Amino acid sequence: MPGHYIDIPAAVGEKSVRVGEGETFTKVAVLDGKAGLPFDHIIAEADSKVDICVIVLPHTDSEASETAGASGASETAVIDIPLTVDLVGEGAEVKLSGIYVCASDSKVKLSTIVRHRVPHCSSDQTFNGIAGGKSHFKFFGHIIVAPDAQKTNAYQSSHNLLLSPEARIDAKPQLEIYADDVKCSHGAAIGQLNEDEQFYLRSRGIPESEAKVLQMISFVAPVISGISDEALREKIHARVESVIRDLAETLQ
Amino acid sequence: MDKNKERDLLNGIEQEEYKEGFVTDIEQQFVPKGLNEEIIRLISRLKEEPDWLLDFRLDAFRRWQKMTPPSWGHLDLPPIDFQDIIYYAAPKKDSERPKEIDPKLEETFEKLGIPIREREALAGVVAVDAVFDSVSVTTTFRKTLEDMGIIFCSFSEAVKNHPDLVRKYLATVVPSADNYYAALNSAVFSDGSFCYIPKGVKCPMALSSYFRINARGTGQFERTLIVADEGASVNYMEGCTAPMRDENQLHAAVVEIIVEKDADVRYSTVQNWYPGDAEGKGGILNLVTKRGICKGSGAHLSWTQVETGSAITWKYPSTILRGDNSSSEFYSVAVTNNYQQADTGTKMIHIGRNTRSRIVSKGISAGHSQNSYRGLVKMLPGAWNARNFSQCDSLLIGSKCGAHTFPDIQNENPTAVVEHEATTSKISEDQLFYCNQRGIGPEDAVGLIVNGYAREVLSRLPMEFAVEATKLLQVSLEGSIG
């Protein structure tokens, strides 16, 4: 009887990036227009380190109109962010993280596939995000551990805030595991701002709207604080904060 | 632990026998092999059914013909030749003593530990509906239950004696063309249990259905309908076994549960169909649709399942939470060994306000088996303050098996909260070491750890079942340490 494991070869495509033995690949990508990631596939070789951080923010006005003008498509086109990572050499370490802030009627789809093909690798994924307005966010995260890829550590979490009655969030975290000596877990949650935290802040004289902003910032902070370049981190923090403040204004 | 010992122990479980694998030699009545409208008419005629039910079957059959089998399961499902199955098999009644149960049948159920004569059991009193191939053999304690207005009988009898109730509720939760296998069941279903608990009645004893496949080349297509009217409560249990054969046999059941306002239904299954031999030959293909609806406010439906048998399990007991403040739980232990495959889980559809659901799924895979959890939690826009928590754990024993988790979480309400957690691991060396160090041998240690791992679910089972389920877990996994 055949097994279920389907060995899709790690084919190199146009948007593949190969991270060679012992090399380090770090990338922070801010996506606020129609352009997606410059790559959709990473091949991590032995002892390589991959660290990718994706920040998805609402379209800036000029680019949004540009999109509509150029393609004739409406603003509600789905922003599709696919990313596949193949861990092909032992000792590879992959960290994927991201935040998204969706407002108005944006539709964002983020899908990651992490394939552990060899033993002794680790992958860690953290995606936190906020959906307001009429936005629709979809998360798809698939972890595959091949037979014999023992001693794999694979972790994934997706925490989401759903802030308006017309917004919608779907999450599909998936684990497909064919080796036994592994530690794999995933967690996904979709909920609201914590009321206890809000009460705590307000009891200390912080107005409700400001309390919400602070909560939202702290919600995405774990991802932002993981950015190693300090200047870039500060810049992104400021940018995200202003986007969150705009979003908070749309909520009563 | 060293490799040789591991191999020995793994071999040990493969040799575990399936003690329910015997065949009862009894004269049976069959309909010819194959599936067409004539066969359906014949089944309907044999069961002396009214026209509306025949129409329901034919309608479902015509829809089924236009459908294709689902392929999204994480399963290697062998092609099923639906023309090569006998759709109806019944033990022949002795024409001289039509009221009595054939002693051979009685012996069969006695051997399986199912009391089909009324008696006080040690663990409490349970009313049993025993189904042998396509017909219900007997239903016990009927009189006692009738006095309280409770109807508990075979589905065929319900069609004869309570046609209004059956018509009112049949296919209201699982429509006849809901999915490929449900449509097939709607066309050819044979027997099953019917249960109606009237308003405000608490059923004084657990009700139980026991399904037995005996005849070669047959399929079993049972249909169960449970209705708990306002404020009623019932504890329902289901068990199943089949003989050892090297062919695959099909079991495509439909279970529908209707829970009215403030009613409470607990549905427990211990599924132990023949799983096939150590090479993956034979075994039951268990393709089942189970669904309940919490219709009124405050309704509660709880599913508990222990799945140890079947070559292939495709089963998603689901709840539609329509009534405000209604709640539902799904507790599952699924064990797969050798070449078994299981794709099982649940769906929780939250429609009403303040609805609550909880999912606890424990998968254990050993040998070359594949064990998947597949679940859907959906919060519709009207599900204000709804809450779900899901915990899905997988335990791997041996390096040739697979454990998978495929949840789908959809939230369309800003006050609803959904949480999902899943982990996959093997029995930790530390735990084993700790046990060994205290003089507990590796086998006992694994038993201890697996039992502890599944405790949360096993403790939800009614007492009569908990003992059986714990034993089953031990038989399925004894010595399977990796």
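Mentor: Let us begin with burial: a residue is buried if 20 or more other C-beta atoms, placed from the backbone, lie within 10 Å of its own, exposed if 12 or fewer, and partly exposed in between. This is a predicted model, in which local features need pLDDT of at least 70, side-chain atom pairs count only at pLDDT 80 or more, and totals for chains, interfaces and linings use all residues. Residues are numbered from 1 along each chain as its sequence is written, and chains are lettered from A in the order in which they are written.

Trainee: Why does B:Thr405 count as buried?

Mentor: B:Thr405 is buried because it has 30 C-beta neighbours inside 10 Å. B:Thr405 is found in strand E22 of chain B (strands are DSSP runs of at least two residues, numbered from the N terminus).

Trainee: Which residues does B:Thr405 touch, not counting those up to four places away in sequence?

Mentor: Contact requires C-beta atoms within 7 Å. On that basis B:Thr405 touches A:Gln174 and A:Leu175, as well as B:Tyr373, B:Cys392, B:Ser394 and B:Ala422, not counting residues up to four places away in sequence.

Trainee: How many residues of chain B are in contact with chain A?

Mentor: 33 residues of chain B contact 33 residues of chain A. On the chain B side, strands E22 (402-411) and E23 (417-426) are the elements that give two or more residues.

Trainee: What joins strand E11 of chain A to E22(B)?

Mentor: Strands pair if DSSP finds at least two bridges between them. Here 6 bridges join E11 (residues 168-177) of chain A to E22(B), running antiparallel; A:Ala171, for example, has B:Ile409 as its bridge partner in E22(B).

Technical notes:
Contact = placed C-beta atoms within 7 Å. Helix = DSSP H or I, 4+ residues; strand = E, 2+ residues; numbered from the N terminus.
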